[in-house]
Structure formats: structure tokens, C-alpha cells
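Please look at the sequence and the structure below.

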Amino acid sequence: MFELQPLVRKNIWQLEPYSCARDEFKGVSASAYLDANENPYNNTINRYPDPLQERLKEMISPIKGVPVPNIFLGNGSDEAIDLVYRIFCHPGVDNVVAIEPTYGMYKVCADINDIFYRKVMLDENYQFTADRLLESCDRRTKVIWICSPNNPTGNDLDRDEIVKLLLKFQGIVVVDEAYSDFSKQKPLRLDLGLYPNLIVLNTMSKAWAGAALRLGMAFASTDIISLFNKVKYPYNINKLSQEKAMDLLRDQSGYRQHLIMVTEERDRLMSAFAALPICKKIFPTAANFFLVRVTDANAIYRYLVERGIIVRNRNRVTLCENCLRITIGTKAENTALLSALIKFKA
């Protein structure tokens, strides 16, 4: 039987959270706001935003298939990542386990919080097994990090192995599904009720075209969400971001159209890349980017930068030697990239 309390830092479990002025009269219809030391004169941005973003969560809930009480919204997914460390991990004592290569912020946040970060290498197909990850765990392992589709490799990770991990590991399993909108694999967030130790991350930055909003999501049990809300800063999502996010969510037809356009361009671009002399291997992807091994990643990257075309050089990332990560742009941007690479000479 999974128990949450033993995993949580004692000071966090006992924490008396900051009480927002707006929380204290929740459910009351007010006509005069004289409680929060706000300026009364500017009727658009003078008031503090909803600290729990209830209206926005009510829009997200049916789209993501997750009940409102199971949703946390953060200042980018990075806030949720940092909160996982602050809630569950004792600095200088506990450790976490993660696949490698993967999204770099898991390790950066571990370093900031003084948490030991253990890497488990993916295999030659960029896959993992639950058993290998579990072998790297000990009694001080509080969290396992999984990203699927993975960044920078782009591929879906084996869902059955993730489920095996959830069933066997008695700590927290975080599955980052930032790119799941582009994948055909069933998201783990839809099975949230089956796994009390699961936290799923999502974002408005990718498929919803809202990177500038810095709006991330975490889906988990109500007990875990209550801990996130207890530790987060009181007004972590500003009013303008909340309103713009709701505008994006209302345009579901635009969202679906963008998904089609991105996936079609992805297929076109990958097919064209395969015919380039510089291309040695294109790796399978279920994201809005793909990883490609080229003849000389450093030289090609510099060549593209000189022409104002920016891709991501992953040459120094483990298992990604001589690899570039290519984000799918507009048709014109993708064509400009291909035109430049056709003219590249080693």
C-alpha cells in the first residue's frame, strides 16, 4: 500500500501555508475589496489574480480529462519540477533517479536543491526498463523522472515499463508528457486514478503555442496537489497569463489545425533530411521535433547560425554524439533550413 506522508519532508507536511487575502472569503460575493492593500484605481490589473486559477482549471479539465482538484498550474513546468524537490527531498540526504539523456531541468533543479541525481542510460534505441531504474534506487530515493515523448530523443518510452515502475516503486514517479499532444500513445494522465504515486506534467508551451505565457500543469492525486498548493508562491500565475491561456483553450479548432500542420511538416522535413549527404541517421519521433545524427554537428550548427538559422546542437549530450535537434517550424522556415543544408560543404 502506497503511503504519501513518509515521503514528504516533515516541515512541509506540517507547514502552515501563507493565507491569501482572496482565499479567506472564498464563495462570498463582494462589492468592496479593502483587504489586500491594492490600489483601487485601475480596474483591469489592480487586483491580485485568483491564487488557484479556478476558471482556467475548469477549462483545462475537460480538455485534458482530469478533474479540477487534480490539477496544479505553475509558472512553466519548471515550477512544478522544482516543487517536487522541495516537497519530497531532503537537501544533501535524498536522491532521485532519472533516465539519460533527458530534459536538463530535472538535474538543474536537483543541483539547486542539493539533491543527489542518479542517471540511468537509455539503450541504443533510447528505451529503458523499469528494472534497471529500480536497481539504481535505494531507501533514500524519493523520485524517479521519466519524459515521454522524451527530450531530446523525441521517442515515446515504453508505456508498459512506466506502469511497471509505478507499481513497483514506493516513491514518486514523475512522467513529463510535455509533447504528448503530438504522440499516438495513451497519456498516463488518463490513468491518474490508478496510481497514487504518479505526477504527470503538461505545458501550454508546445501544442497550444503558448510558450510566452510560462504556464505549466501538473496532474496528480488530490493529496499531492494540496501539497503543491501549500508550497507554491501565493499568486504564481498572473492574471494576463490566465486570460490569454483561456483564449487559447477556446480555440480548439486552431489547436487541432496546428497539430496537423506540424505533423505533416515533420514528415516532410524528415523525409527530405534522409536524402541529404550530411544525414547519417534520423531517430523515430513522436514530438514536434526530431533528432538527427549528422556528419559533423558542430560544423553544421555553426554554418546554420551564420545564416540566421538556429537549431539545437546536442553533440555534447550523452548518447547524442554528432546529433542536431530540429524543431518543426513553418513551411517557409523548414524550406530555408533544407535549402541551406543542400549547399553545405564539409
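Seven strands form an open sheet with mixed pairing, in the order β1-β7-β6-β5-β4-β2-β3. Its edge strands are β1 (71-75) and β3 (116-121), each of which pairs on one side only. Neighbouring strands of this sheet are turned against each other by 25° on average, direction ignored. Such angles use axes that are lines fitted to C-alpha atoms, for helices over the stretch in contact, and run from 0 to 180 degrees between N-to-C directions. Strands and helices here are DSSP runs numbered from the N terminus: a strand (E) has at least two residues, a helix (H or I) at least four. Two strands count as paired if DSSP finds at least two bridges between them.

The model is predicted: local features need pLDDT of at least 70 and side-chain atom pairs count only at pLDDT 80 or more, while totals for chains, interfaces and linings use all residues. Residues are numbered from 1 along each chain as its sequence is written, and side-chain values use heavy atoms, with hydrogens and water left out.

Inside the sheet, β2 and β4 pair in the parallel sense over 4 bridges. V96 has V143 in β4 as its bridge partner. In a regular strand the side chains alternate between the two faces of the sheet. Helix α4 (residues 105-112) lies across β3, β4 and β5 (172-176) and runs at about 155° to β3.

## A separate strand pair

Strands β8 (residues 279-282) and β9 (residues 289-294) pair in the antiparallel sense, over 3 bridges. A hairpin of 6 residues joins β8 to β9. I282 stands opposite V292 in β9.

## Charged pairs

Side chains of opposite charge can pair when their charged atoms come close. A salt bridge is counted when a side-chain nitrogen of Lys or Arg is within 4 Å of a carboxyl oxygen of Asp or Glu. By this rule there are 17 salt bridges. The table lists some of them.

| Salt bridge | N to O distance |
|---|---|
| D94 and R140 | 2.6 Å |
| D94 and K142 | 3.1 Å |
| E243 and K239 | 3.9 Å |

Is D94 buried or exposed? Here buried means under 20% relative accessible area, exposed means over 50%, and partly exposed is in between (1.4 Å probe, protein chains only). D94 is buried, at 0%. K142 is buried as well, at 7%, whereas R140 is partly exposed, at 26%.

In the pair E243 and K239, the two residues are 4 apart in helix α8 (residues 239-250), which means that about one helical turn separates them. E243 is partly exposed, with a relative accessible area of 36%, and K239 is partly exposed at 30%. Through shared partners, salt bridges join D94, R140 and K142 into one network.

## Cysteines

How many disulfides does the structure hold? With a disulfide taken as a pair of cysteine sulfur atoms within 2.5 Å, the structure holds 0. C323 is in no disulfide either, and its nearest cysteine sulfur, that of C320, is 5.2 Å away. C279 is buried at 16% relative accessible area, and C323 is buried at 0%.

## The whole protein

The secondary structure comes to 11 helices and 11 strands. Of the 346 residues, 51% count as buried. The C-alpha trace spans about 70 × 50 × 30 Å along its principal axes.

The radius of gyration, taken over C-alpha atoms, can be set against a globule rule of 2.2 Å times the number of residues to the power 0.38. For 346 residues, a compact globule would have a value near 20 Å, and the 22 Å of this protein agrees.

A contact means heavy atoms within 4.5 Å. Among contacts between residues at least 6 apart in sequence, 70% join residues at least 24 apart.
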